[in-house]
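This briefing collects computed geometry for one chain model. The sequence and structure come first, and the notes follow by topic.

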Amino acid sequence: MANARFLKADIINNSKLQLSDVAKCTSIPAGGYCAISFTTPNLAFADSGNALITMNYNQDGKSQQTHQVVNYSYVDVNSGYGVNFLGGASVAMLQGKTRHVVGYLYAGGKTGTTYNNVEIDRSVRYDGLKVVRGFILGQQMKSGQIIPVEFELTRQNSQSLLLQSYAKWANPSLAGKSGLESGAPFNTGNPASLGINPVPENAVSFIIGHASIMRIPDDSSSTVNIINNGNVNADNGIEVSKVSGDGEANLNITNNCNSPLLKNAENSCQVSFDVSGYDSGNAVVEFKYHDTVIGTQTIYWINNKATPSIKATVNPNSVSYQVEDTPVEVITYTLQNIGKAPLQTASYAPKLTSSAIIDWAQSGNTCGTEINPGSTCMISGSFTPKPVVGTGHAYYSINGSYSGKNYSFVSQPVTYSVTGDPLLSISGSNETMQLLADGESTIVRTYTVTNISNVKATNIDLAIIDASANQPKPEISNSTCGSELNGQVQCEISVTYGPATKDPLANESGTAILGIDYAGGTSGSLNTQKPIDYKLVGNDSVLVMSEPTSDMQGSGTSGDAFEGLASVASQKISIEYHNTGLYEMVNFNINTNILPYGYKVASSSTCPSGVNTGSLAAGGTCTLVIELDQELLAIVPGAAANMTLDFERPEASWTTTFGSYHQSGNMIVHVTYKQAQLSVTANTIDTDEIISMSIANSDQLPNPSSVKVNIDQPLGGAPVVTAGSCTSHQEEDYGDGIGIYSVTCDLNAGEPQLTLPMLDYLLCGETADYIGDFVEVPSKVVIPGYFDFSYTAPACTP
């Protein structure tokens, strides 16, 4: 495959979505990928939306186009708790193929809530699910922090899979009383549900955008984008219809998706909604293709009339378990009153459409008997599957009243399934088995087979599948796997490649499939596969990679990691690549595209890397120099005072007159990094708010190092400095010392502490919410974007 070169990346139908890092996708090597960042518009309470990204690119001299739908939604972080994924993803691919998807991990809870030693786990030990970028194992997360996490999904099995990946953490440091539990807070979050599905020879796969809330009469329309991400053109349009809802008759639909959509998201279509009249309401809408439902959504519209309107969503919206599982993942229903009046005398009842296969246990509920306008509450719980196979839906019925009228709402459902099949997973190296045709050499590789289900696999049959004329081919040389494998049990398979007849001109490659046929449970025939790439070469074109060296302390090993410091101006890691063969290496490239965030290739590097290629003469050497990007490390998702930045020594690829070659790094370079991090806590004492700023790794602060904070609401007087070195400035004067203030603090002079005089004219027990916005910050220091606090005036004494 030739390189695909993007000519431009445009946004259609939503100019408010901002794309960045588009230059990273100037050229994408065959089999490679790139990441484009985006920023959503500011969202109103409970709102959502979608955007269509169009990418124009040139491949093999032909201009082509593809699209992607990006859905986004408002998250009320302060009303939640824990470290949670939002939503999930589903991909369809051929068996043995790999795809990448991104999930968003966010930390909830009141400002100042900290979660320590955060890890990402998975519901089953499936080897085809891995976290590859974005997340740092064991890192700390704070309320309001969002981290994009890149998953690598590989389809090994013949059946469809739905897997859950979730965060878990040590006991958190809570700011005030937060969480859904009455006792100790739970330590696992909402999972990302990740689907891995087969691709039939000819299949469509539609992606539908999320509709926004219509706020009539000012914003009386909403549009969703739809694409076909399948491998065949649709042969029919998409039907859109209303099926139920409070106000269904008032919703109008303009469907521009009557024409078939092209495969591979080569085009798109839009469905628009608008409302007749001015009453608030909602309607459930179905999207159908050939009379089969491909998606449902609840469309909401609100006005300024005093009526309650509850938008109730669930995270995740689909889960799958095996019989007799004991899931630890938390399911959360989020209820938001998008109306203009409270829902009073509220009650909440869980509903299961198939209670014979699963139980629901509610573990927490922050929803009281009244849900005020603009407020969020949550109901959490978990499922326990029974030894019965099936599918169903779980939702909450929400009932209440206002001003003598009864109201009823239902939540978005979570689809659950319980499966009873064995599931075999094959783990082992993915590197190419490269054999020298010298008549002697052999390569032996061991693969581990795990039955990751609770059901016995029977009638196990092993085979290597390779229809090519290559000789030799990889063969199974030994196995500890019998005809049966119990649940949660492993066995091993050894595969041998070689020897090959001596031939200095040998140059052939292929892919053999290690296949396992088996049965058990409710299915008669199942299959698991793992591709084994192999290559036979007649000449020994070998690249020798040196041990990494650095100007940092340490040796880069697991017991003696390189230690990066923010206080040191430039810190680099060097790796030499030696061509010890007899032939020039052309199209030579070091793959630095998969380095973790926080690294960049230094200008002193002499190896072609990234999208660049070059040559390396026989006996020649080049040096790859990687530099810590200290400014980026202070703002990268997951930035913390102490970070682990391990990476795999970058792989290389090249060609000679005898063929193409690839050599992996086969070494993990261990790196730690220390930088200063500012944290803020707020505590009310009498009629003052005490703001304390603590600095972790203060010895890594740059000099000078000052911050400026704007307080967004009026104070009763100028802030008083009780520790550190700070100065205040009155930005707006309301008289008698009352006004809007900013504070500038020198962090090198110690940890600042401020006493903020609060307003003395607030009524007894009245609450005011404040935000402190950091508008000036030093580089190379982890600074929160803002902090917030609530001040409640003392209660009146009788």
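Which residues have the most contacts inside the largest nonpolar core? They are Val83, Leu105, Leu153 and Val449, in a core of 54 residues. The model is predicted, so local features need pLDDT of at least 70 and side-chain atom pairs count only at pLDDT 80 or more, while totals for chains, interfaces and linings use all residues. Residues are numbered from 1 along each chain as its sequence is written, and side-chain values use heavy atoms, with hydrogens and water left out.

**Nonpolar cores**

- A nonpolar core is a set of buried Ala, Val, Leu, Ile, Met, Phe, Trp, Tyr and Cys residues joined through side-chain atoms within 4.5 Å. Buried means under 20% relative accessible area, exposed means over 50%, and partly exposed lies in between (1.4 Å probe, protein chains only).
- Leu105, one of the residues with the most contacts in the largest core, touches Val83, Asn84, Phe85, Ile120, Phe135, Met141, Gln145, Ile146, Ile147, Val149 and Ala167, not counting residues up to four places away in sequence. Contact here means heavy atoms within 4.5 Å.
- Another core, of 35 residues, lies apart from the largest one and has Ile573, Leu595, Ile626 and Val636 among its members.
- In soluble globular proteins, nonpolar side chains tend to be buried together.

- Strands (E, at least two residues) and helices (H or I, at least four) are DSSP runs, numbered from the N terminus. Two strands pair if DSSP finds at least two bridges between them.
- E33 and strand E39 (residues 523–537) run parallel and are joined by four bridges. Within this sheet, Leu435 stands opposite Leu536 in E39.

**Strand E53 and its partners**

- Strand E53 (residues 671–674) has Val671 and Tyr673 on a covered face, and Thr672 and Lys674 on an uncovered one. In a regular strand the side chains alternate between the two faces of the sheet.
- Strand E42 (residues 562–565) runs parallel to E53, with four bridges joining them. Strand E48 (residues 642–644) pairs with E53 in the antiparallel sense over three bridges.
- Thr672 in E53 has Glu563 opposite it and also Thr644.

**Backbone exceptions**

- Most residues other than glycine have a negative phi, and most peptide bonds are trans.
- The peptide bond from Asn315 to Pro316 is cis, with omega near -5°. Pro316 lies in the loop between strand E23 (310–315) and strand E24 (318–322).
- Gly498 and Pro499 are also joined by a cis peptide bond, with omega about 0°. Pro499 is placed in the loop between strand E37 (490–497) and strand E38 (507–520).
- Asn587 is not a glycine but has a positive phi of about 50°. Asn587 is found in strand E44 (residues 585–590) and counts as partly exposed because its relative accessibility is 47%.
- Asp686 has a positive phi near 60°. Asp686 lies in the loop between strand E54 (676–685) and strand E55 (688–696), and counts as exposed because its relative accessibility is 65%.

**Cavity**

- The count comes to one cavity of 30 Å³ or more, and the largest cavity has a volume of about 40 Å³.
- A cavity is a set of points, on a 1 Å grid over the protein atoms alone, where a 1.4 Å probe fits but cannot get out; lining residues have an atom within 4 Å of a point. Grid points are joined across faces, edges and corners, and a volume is the space filled by probe spheres set on the points.
- The lining of the largest cavity consists of Ile691, Val709, Ile711, Val743, Leu754, Leu756 and Phe787. Strand E56 (706–711) and strand E60 (753–757) are the elements that give two or more residues to that lining.

How values were computed: 1 Å grid on protein atoms, 1.4 Å probe; cavity = no way out; pocket = protein on both sides within 12 Å on 5 of 7 lines; lining within 4 Å.
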